[in-house]
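Me: I have a chain open here and would like to go through it step by step. Can you take my questions as they come?

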Amino acid sequence: MEFEHKHKQVIPQKCPVCEVSQEDLKSMPVGHSEDRMIMHVQCTKCNSAIMVFITQNDVGMMTFGVMVDVHDTEAGEMFSQNPINDDDVINVHRYLQKEGTNIHDFVEQQ
Ligand SMILES: [Zn+2]
């Protein structure tokens, strides 16, 4: 799938916590469906973890990320049971609004 090749573009340029560059971030896709994908990104220096949600539509690709405290194996388990659906995306949006997190600080809009 074309998506897989794009995933390098959607991982953060640097760690939002310790600011090491992208080369020191370890990324793993934890789930995807036809038009969306979830990546787990972990910093190899400070161990911070981010979940990056990628959706694709006619307009293009949209990404947003949130800091998490789950490691990649747990993240994989979380999403392997169910296909990603709209509720997952909406839930994360709500969470971000509630917390007032500015995801654009570390995830670039495509
Ligand atoms: Zn870090």
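This is a predicted model: local features need pLDDT of at least 70, side-chain atom pairs count only at pLDDT 80 or more; totals for chains, interfaces and linings use all residues.

Me: How many helices and strands does the chain have?
Reply: The chain has 3 helices and 4 strands. Both are DSSP runs numbered from the N terminus: helices are H or I with at least four residues, strands are E with at least two.

Me: In what order do the elements run from the N terminus?
Reply: The order is α-β-β-β-β-α-α.

Me: What do the strands form?
Reply: The 4 strands form an open sheet, ordered β1-β2-β3-β4, with antiparallel pairing. Two strands pair if DSSP finds at least two bridges between them.

Me: Which strands stand at the edges?
Reply: β1 and β4 (61–68) do. Each has a single partner strand, so one side of each is left without a neighbour in the sheet. From one strand to the next, the twist averages 25°. For such angles, axes are lines fitted to C-alpha atoms (for helices over the stretch in contact), and angles run from 0 to 180 degrees between N-to-C directions.

Me: How many bridges join β1 to β2?
Reply: There are 7 bridges between β1 (residues 25–32) and β2 (residues 36–43). The hairpin joining β1 to β2 goes through 3 residues. Glu34 lies in that loop.

Me: Is Glu34 buried or exposed?
Reply: Glu34 counts as exposed, because it has 10 C-beta neighbours inside 10 Å. The rule is that a residue is buried with 20 or more other C-beta atoms within 10 Å of its own, exposed with 12 or fewer, and partly exposed in between; C-beta atoms are placed from the backbone.

Me: And the other pairs, how many bridges there?
Reply: β2 and β3 pair over 7 bridges, and β3 and β4 pair over 8 bridges.

Me: Which residues does Met39 partner?
Reply: Met39, in β2, is the bridge partner of Pro29. In β3, the bridge partner of Met39 is Val52. Further pairs include Arg36 opposite Thr55 in β3 and Phe53 opposite Phe64 in β4.

Me: New topic. Which residues have the most contacts inside the largest nonpolar core?
Reply: They are Ile11, Met39, Val41, Val52 and Ile54, in a core of 16 residues. β1, β2 and β3 (49–56) are the elements that give two or more residues to this core. A nonpolar core here is a set of buried Ala, Val, Leu, Ile, Met, Phe, Trp, Tyr and Cys residues joined through C-beta atoms within 7 Å.

Me: How much of the chain is buried?
Reply: Buried residues make up 24% of the 110 residues.

Me: Where is Glu19?
Reply: Glu19 is in the loop between α1 (2–10) and β1. Its phi is near 65°, a positive value in a residue other than glycine. Glu19 is partly exposed, with 13 other C-beta atoms within 10 Å.

How values were computed. Residues are numbered from 1 along each chain as its sequence is written.
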